[in-house]
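Please find below a colleague's note on the model under review.

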Amino acid sequence: MPWHLKEVIPEALKKAGGKEKLKRGLVLAAWREVVGKELARLSEPLALEGGVLTVRVADPVTAHQLTYSRLALVRRYEERFPGAVKEIRFVVGALEQEAPSPQEAPEDPERLLWANRRALELAAKAPPELQQKVARAALALLKQDRGQPCPICHSPSTQHPCPTCRRLLESPWVRKEAERLKRGRPTSLEGEALLVARHLARKSLLEEMEALFPQALRDEGLRPLLKDLAKRFQTLFPQEPLPEAVKSLLAKEP
């Protein structure tokens, strides 16, 4: 009967160690849902103390990728357990997980082929010393969810940009930091917010170069301004070539 539940629930919580212990258990149990099936196989939650969730991961590459994505993971936890997880820390070590259930559906071969190809494409844009790590991390992310990668953060999403990047694109704070990046100044942003700020800075620099190019073509006095924009662009995006027209014009400069 309903009135019996009022007696049973407090007693159950008491035996379990109280509401806080129960909440910690729920937070740990939710890790697989929060991080996604593929990355959950490479990690396991250990403890929640003082709002800090400690997670053990199988290798340094996974630790690096999850650390990079921790703000998004904290936000997902906030949606489920407001105020419970304020930070996530990762430690590398041997996992003690059970083997994946043989009843899980096999991976779609075509999707797996697409994920491998896309991971290699993304890795090719990274510095040579990071390409292998980026490929492995991108593959894990691309396999964990449905949808094509977001053009900004590269997380799989059915919307482009993804909902998180869409919100950050409208953030005055992120836009202000994008201006700092564009002018060659440091920023305190990280994670998706940094990716969005870099995206905005890149777009702005390309638009300014495109607008200035026709004028600089006619007026040599404007070419130093175009050269400055190009220099800032190459500093922020050393792996990306300048627009061909701008590159050709500046090549004629002494």
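**Note on the predicted model**

1. The chain contains 13 helices and five strands; these are DSSP runs numbered from the N terminus, helices being H or I of at least four residues and strands E of at least two. This is a predicted model, in which local features need pLDDT of at least 70 and side-chain atom pairs count only at pLDDT 80 or more, while totals for chains, interfaces and linings use all residues. Residues are numbered from 1 along each chain as its sequence is written, and side-chain values use heavy atoms, with hydrogens and water left out.

2. Of the 254 residues, 38% count as buried (under 20% relative accessible area; exposed means over 50%, and partly exposed in between, with a 1.4 Å probe and protein chains only). Among contacts (heavy atoms within 4.5 Å) between residues at least 6 apart in sequence, 54% join residues at least 24 apart.

3. Strand 1 (residues 43–49) and strand 2 (residues 52–57) run antiparallel and are joined by six bridges; strands pair if DSSP finds at least two bridges between them. Pro-45 has Val-55 of strand 2 as its bridge partner. Two residues separate the strands of this hairpin, where Gly-50 adopts a positive phi near 60 degrees.

4. Five of the six residues of strand 2 are buried, so the strand is largely enclosed by the rest of the structure.

5. In helix 10 (residues 172–182), Val-174, Glu-177, Ala-178, Leu-181 and Lys-182 are buried. Viewed down the helix axis they fall within an arc of 145 degrees, so they line one face; the arc is taken from the directions from the axis to the C-beta atoms. Exposed Pro-172 and Lys-176 sit on the face turned away from the buried side. The buried residues pack against helix 9 (163–169), helix 11 (191–218) and helix 12 (223–236). Just after helix 10, Gly-184 has a positive phi of about 80 degrees.

6. The largest nonpolar core has 32 residues, and those touching the most other members include Val-174, Cys-165 and Met-209. Such a core is a set of buried Ala, Val, Leu, Ile, Met, Phe, Trp, Tyr and Cys residues joined through side-chain atoms within 4.5 Å. Helix 11 supplies the largest share of this core, 11 residues. Apart from it lies another core, of 21 residues, including Leu-48 and Phe-81.
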